[in-house]
Amino acid sequence: MKKELGLDITRLEKSFALVAPKGEALVARFYERLFERYPVVKPLFKNVSMDAQRKSLLGALVLTIKHLRKPEKLASVLRQLGQRHVGYGAKPAHYDAVAETLLAVLQEFAGKAWTTSVHRAWKEALGTIKTVMLEGAKTSKPTARTSQKGAIAGRKEGKIGRASCRERV
């Protein structure tokens, strides 16, 4: 299989095509499972329309798959997304929670089509997405909103997976 960006693009495209017809159910299950496994992230969605959020996630997944063969464009979009997520209160540990949850839900929806090589392709892709989004997050300019969240962050503690972090989550 041809690899670009070190990713198995063909395998990603084919496996996503299998689950895409169930996209709305997939993202609904994703948030259900994310909140079950990582309840500490729920406050990040307190003032968010979950219908709109599910549509945004599905749109981001579709956009990512469609642009895998255009790495410069995809990287630019992912960096901007990383910048925006700083304002939402997203922390680096959240990316791991999202990736773990998304992998589990993709596997659930793909069923027997989910193989070790499909898992590896998605895990590598999500790792690359995390890296690029965090690059964007580093270039984010503090705003009143993010500065206020930072002040709140020092007062709250939470757990993400097995790792403890002293950040607003």
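Analyst: What follows is a description of helix 5, with the rest of the protein as background.

This is a predicted model, in which local features need pLDDT of at least 70 and side-chain atom pairs count only at pLDDT 80 or more, while totals for chains, interfaces and linings use all residues. Residues are numbered from 1 along each chain as its sequence is written, and side-chain values use heavy atoms, with hydrogens and water left out.

The protein has seven helices and two strands. Helices (DSSP runs of H or I, at least four residues) and strands (runs of E, at least two) are numbered from the N terminus. From that end the order is α-α-α-α-α-α-α-β-β. The average pLDDT, which is the predictor's confidence in each residue from 0 to 100, is 84 for the protein, and 80% of the residues score at least 70. Residues 144-169 have a pLDDT below 50, although this stretch has 47 contacts in the model beyond near neighbours in sequence. A contact means heavy atoms within 4.5 Å.

Helix 5 covers residues 92-110. Its 19 residues should span 27 Å at 1.5 Å a residue, and its end C-alpha atoms are 27 Å apart, so the two values agree. The expected span is 1.5 Å times one less than the number of residues. Just after the helix, Gly 111 takes a positive phi of about 60 degrees.

Buried means under 20% relative accessible area, exposed means over 50%, and partly exposed lies in between, using a 1.4 Å probe and protein chains only. The side chain of Thr 101 reaches the backbone oxygen of Ala 97 at 2.8 Å. Setting aside neighbours within four places in sequence, Thr 101 is in contact with Phe 30, Arg 33, Leu 34 and Tyr 38.

Arg 33 is counted as buried because its relative accessibility is 15%. With neighbours within four places in sequence set aside, its contacts are Thr 101, Ala 104, Val 105 and Glu 108. Helix 2 also buries Gly 23, Leu 26, Val 27, Arg 29, Phe 30, Tyr 31, Leu 34 and Phe 35. The cover over the buried residues of helix 2 includes helix 1, helix 3 and helix 5.

The second residue, Tyr 95, is also in helix 5. Its relative accessible area is 11%, so Tyr 95 is buried. Not counting residues up to four places away in sequence, Tyr 95 touches Gly 82, His 85, Lys 130, Met 133 and Leu 134.

Trp 122 is in contact with Leu 103, Leu 106 and Trp 114, among others, when neighbours within four places in sequence are left aside.

Trp 122 also belongs to the largest nonpolar core, which has 45 residues; Trp 122, Leu 12, Leu 26, Tyr 31, Leu 34 and Val 41 touch the most other members. The elements giving two or more residues to this core are helix 1 (9-19), helix 2 (23-37), helix 3 (50-66), helix 4 (71-88), helix 5 and helix 6 (116-138). Such a core is a set of buried Ala, Val, Leu, Ile, Met, Phe, Trp, Tyr and Cys residues joined through side-chain atoms within 4.5 Å. In soluble globular proteins, nonpolar side chains tend to be buried together.

Some totals complete the background. Of the 169 residues, 43% count as buried. Among contacts between residues at least 6 apart in sequence, 73% join residues at least 24 apart.

Technical notes: Polar contact = N/O pair within 3.5 Å; in protein donor to acceptor, adjacent residues only side chain to side chain.
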